[in-house]
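Open the model in your viewer and keep the selection panel at hand. Each stop below says what to select and what is there.

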Amino acid sequence: MPGAARGSTDPRKWGRVRLRLAPGDEVEAPTYESVGGRLLKILYSTRCRMDCRYCPFAVFCRRARSIWRREKLVRTVLRATREGSIRGLFLSSGLYRDPEDVTLELVETVEELRARGYTGYVHVKLMPGAPGWLIKRALESADRVSLNLEAASASSFSEIAPSKGRWSSDLYGRLLLAAEYAQSPAKVSTQLVVGAGDDTDREIIMLTWLLHRDGVGVVHYSPYTPVPGTPLAEKKGPVSPLRTGLLYEASRLLRDYGYEPRDFEPLLDNGDMLPVTTRSLKEELARAHPEWFPVDPARAPLWELLRVPGIGPRTASRIVEARSRGERITPQLLARLLGSARFRRAAPFLDLGQRHLPLRDPLRG
Ligand code: SF4
């Protein structure tokens with residue numbers, strides 16, 4: 001059977017299910033522990049006509065190739081779901097035929113699953129250049145669609161994936177079309193292979209901000225890992241998950257906290273990269289922007305509260321709600337709303353009408 005969909009690099013999260021579909025008909029398939037539960041993670045075909053420089057399934061790689069039959073894949077998903085082995089399906093494929101044909105095959109597989117009563121989660125991959133009518137069909141049957149941008153710019157993309165299509169129109173443009181049709185950011189995602197090309201963190205942060213602004217809810221950052229036998233492996237070393245961890249944090253700050261790319265400028269080094277740090281990126285931003293503080297919790301708008309370390313979207317909303325109920329925003333109230341650990345992180349950045357804020361926990365007297 002074909003291998004797993006590429007891109008999820010944490011080996012601890014991978015597993016396998018073994019299923020008996022009928023006497024003498026057994027199947028084994030890869031699974032992946034996602035945030036919402038275990039997914040059957042399938043490459044419909046490991047055959048691919050493309051020559052992406054980093055990919056073990058590229059046309060130049062010598063390996064055994066295989067392709068699922070739709071009926072077998074559908075029965076596998078239904079059986080694994082009935083047995084409680086998975087909570088959903090992630091379906092992708094190598095480009096073994098024209099991208100439109102491959103996307104249609106994946107979408108029809110999902111439609112077949114739905115027609116046979118499958119109600120579980122489905123994430124389906126769109127191929128570069130997928131036409132609008134097919135993107136709409138994918139969104140009707142899947143819970144989430146994605147189209148991997150792989151790189152943050154057309155020039156970087158052409159270096160690492162020279163035959164996979166035109167970055168601007170076949171990838172970026174189609175991804176935005178999916179976001180427009182979906183009208184729900186949670187339904188659309190993409191992935192970058194960080195460090196395969198020469199994109200800087202500055203470029204990735206700008207692209208991420210644009211994507212979130214235009215309705216792409218989730219950007220995945222896969223740290224580049226050299227695969228022996230691929231051309232890029234001779235030129236580039238592995239990328240630390242610390243870098244992709246920072247980018248995930250930046251993405252959350254851009255999407256959920258209202259930060260803008262220019263806010264990150266003071267943190268970038270000469271090479272336009274974020275610093276490797278043990279502090280949270282939000283705290284680094286707070287220290288790099290003393291002009292933002294102190295924030296007055298009795299009056300500050302929500303977006304200003306969100307810049308304070310220790311205050312997240314939920315707690316910022318609680319503070320605003322307490323104010324609208326007419327409650328006085330005292331250190332005691334804040335400690336209750338935030339919890340004592342978060343309050344201690346927030347306190348140095350807040351103005352509570354005192355020159356120097358108490359660093360002891362006011363809940364404890
Ligand atoms: S299109 Fe590129 S990344 Fe996708 S399977 Fe083929 S070679 Fe790999």
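Start with two helices. Select helix α6 (residues 201-213) and helix α7 (residues 241-256): they pack at an angle of about 40 degrees, and their axes are 10 Å apart. Axes here are lines fitted to C-alpha atoms, for helices over the stretch in contact, and angles run from 0 to 180 degrees between N-to-C directions. Helices (H or I, at least four residues) and strands (E, at least two) are DSSP runs, numbered from the N terminus.

Show the side chains at this contact. α6 brings D201, I204, I205, T208, W209 and H212, while α7 brings L247, A250, S251, L254 and R255. Contact means that two C-beta atoms, placed from the backbone, lie within 7 Å. By class, the contact has six nonpolar, three polar and two charged residues. Ala, Val, Leu, Ile, Met, Phe, Trp, Tyr, Cys and Pro count as nonpolar, Asp, Glu, Lys and Arg as charged, and the others, Gly among them, as polar.

Two notes on reading the model. It is predicted: local features need pLDDT of at least 70, side-chain atom pairs count only at pLDDT 80 or more, and totals for chains, interfaces and linings use all residues. Residues are numbered from 1 along each chain as its sequence is written.

Now colour the sheet. It is open, has eight strands with mixed pairing, and runs in the order β1-β2-β3-β4-β5-β6-β7-β8. Which strands stand at the edges? They are β1 and β8 (218-223); each has a single partner strand, so one side of each is left without a neighbour in the sheet. Neighbouring strands are turned by 30 degrees against each other on average, direction ignored. Strands count as paired if DSSP finds at least two bridges between them.

Go to the β1 end of the order. Strand β1 (residues 14-22) pairs with strand β2 (residues 25-34) in the antiparallel sense, over eight bridges. Pick R16: its bridge partner in β2 is P30. Then pick G24 in the hairpin of β1 and β2, which has two residues between the strands; G24 takes a positive phi near 80 degrees.

Move on to strand β3 (residues 37-43). β3 pairs with β2 in the antiparallel sense over four bridges. A hairpin of two residues joins β2 to β3. E33 has R38 as its bridge partner in β3.

For a parallel pair, select strand β5 (residues 121-125) and strand β6 (residues 144-146). They pair over three bridges. K125 has S146 of β6 as its bridge partner.

Next, two backbone details. Most residues other than glycine have a negative phi, and most peptide bonds are trans. E150 is not a glycine, yet has a positive phi of about 65 degrees. Find E150 in the loop between β6 and α4 (154-160). A cis peptide bond joins F293 and P294, with omega about 0 degrees. P294 lies in the loop between α8 (281-288) and α9 (302-305).

Now select the ligand. Which residues are around the ligand? They are C48, M50, C52, C55, F57, A58, G94, L95, A161 and K164. Each has its C-beta atom, placed from the backbone, within 6 Å of the molecule. This shell has eight nonpolar, one polar and one charged residues.

Finally, zoom out. The domain assignment gives domain 1 (11-146) and domain 2 (293-364). Their C-alpha centres lie 47 Å apart. The bounds come from an automatic or database domain assignment.
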